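Reader: I'd like to learn how to read a fold from its coordinates. Could you walk me through it?

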Amino acid sequence: TKLLEKNVRVFLQAKGKVNKGIRTTIESSPSRFFAYNNGITATAEAVETTVTKHGVALTRIDDLQIVNGGQTSASIYDAYRKGIDLSEVYIQMKLSVVSEETASKLVPEISKFANSQNRVSEADFFSNHAFHISYEKFSRSLLAPPKEGTTLQTYWFYERARGQYANSKSLYMSKAERTKFQSINPRDQLVTKTDLAKVMNTFKGLPHIVSKGAQSSFKVFAEFVNEKWEKTGDSFVTDSFYKKSIARVILFRHLEKSVSDTDWYKQQTGYRANIVCYTLAKFTDSLKKTSKTLDYMKIWNLQSVPADLSNELIALAKVARDHIVNPPSNAPSNITEYAKTEKCWLLFQKVEYSVSQKAYPYLLSKSDSQRAD
């Protein structure tokens, strides 16, 4: 405890995901601990050293404090107490010598900045998967048709790695070049990995998973991609796949804006994210039952959602809202939590609904859809 007293946390035990990983490495791959671990940041008021045949060695440290790496240190000590062999476990340490006069001010600052690195999400770790690299190539090479009333063709910029869009824009030195970049890569056509996962999971009939949040949704999408990739390799990431997935993004974003503009939503705002994913999942599920699918290429070619199709989805969105905000007595009373349950989705699938004739011009039979591919 004294060693870690300036650390921002005490030992969290080997229960969390990170600490479990530390323990697993110690037990099963101790020689890799040095490579896997970020190391620790420590401070001391004074040190004494001596030169040995192996190099400089520390012989004395006054007031050693571990300000970042407390969980690592405590995990190693916990393993030691349990009799686990540590002979192959090595760890790097950054040691700052801070005088007693400046310690009270400087040590908290070192602790603060050492513990405030940008968080790396599950989605970030998956960014180098071959799927994302292939998908990114399509996004940089396939120009979208011009929107109605314009002649400008643009790109849908897929951000495989966080910050790519801003970095790509910053590569251009002059204001004119940056303006040109933004005109053909408009910011409202930026698609992140989690955006794509959210949209694809929605159309796969998983609105309850999407409602759990970006990272939970992305994890399920990553599992789907891995499984598909193992079976088919990159053969499923085609020109057609890319265009149809962007068409789904167009539909999703259009419905988000449309729902926000309705009178019924303005009167009782909230749960838009749930309403949108449940609406599109229900619409897609209803089409499957009639052996039909949306003509996604028509949406891609228009780069917008036709009025009749939009009205159809908005009407269904009202039904979705009414379903979500009225959970049954045996379901969570918290609306957000209810929307995360499979029960909510299964009950909504049973709600009576049939696609109106006005939407038919934007539908294809499954056989026509397959021929189009």
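Author: Happy to! Let's start with contact, which means heavy atoms within 4.5 Å. In the protein chain, residues 24 or more positions apart account for 72% of the contacts with a separation of 6 or more. This is a predicted model, where local features need pLDDT of at least 70, side-chain atom pairs count only at pLDDT 80 or more, and totals for chains, interfaces and linings use all residues. Residues are numbered from 1 along each chain as its sequence is written, and side-chain values use heavy atoms, with hydrogens and water left out.

Reader: How is the packing of two helices read, say for α9 and α11?

Author: Two packed helices are described by the angle between their axes and the distance between those axes. Axes are lines fitted to C-alpha atoms, for helices over the stretch in contact, with angles from 0 to 180 degrees between N-to-C directions. Helices are DSSP runs (H or I, at least four residues), numbered from the N terminus. Here α9 (residues 193–203) and α11 (residues 214–232) pack at about 70°, their axes 9 Å apart. That makes α9 and α11 roughly perpendicular (65 to 115 degrees). Among the contact residues are Leu 196 and Met 200 of α9, with Phe 218 and Phe 221 of α11.

Reader: And how many disulfides does a search of the whole structure find?

Author: A disulfide is a pair of cysteine sulfur atoms within 2.5 Å. The search finds zero. For Cys 277, the nearest cysteine sulfur is that of Cys 344, 9.1 Å away.

How values were computed: Parallel < 35°, antiparallel > 145°, perpendicular 65-115°, else oblique.
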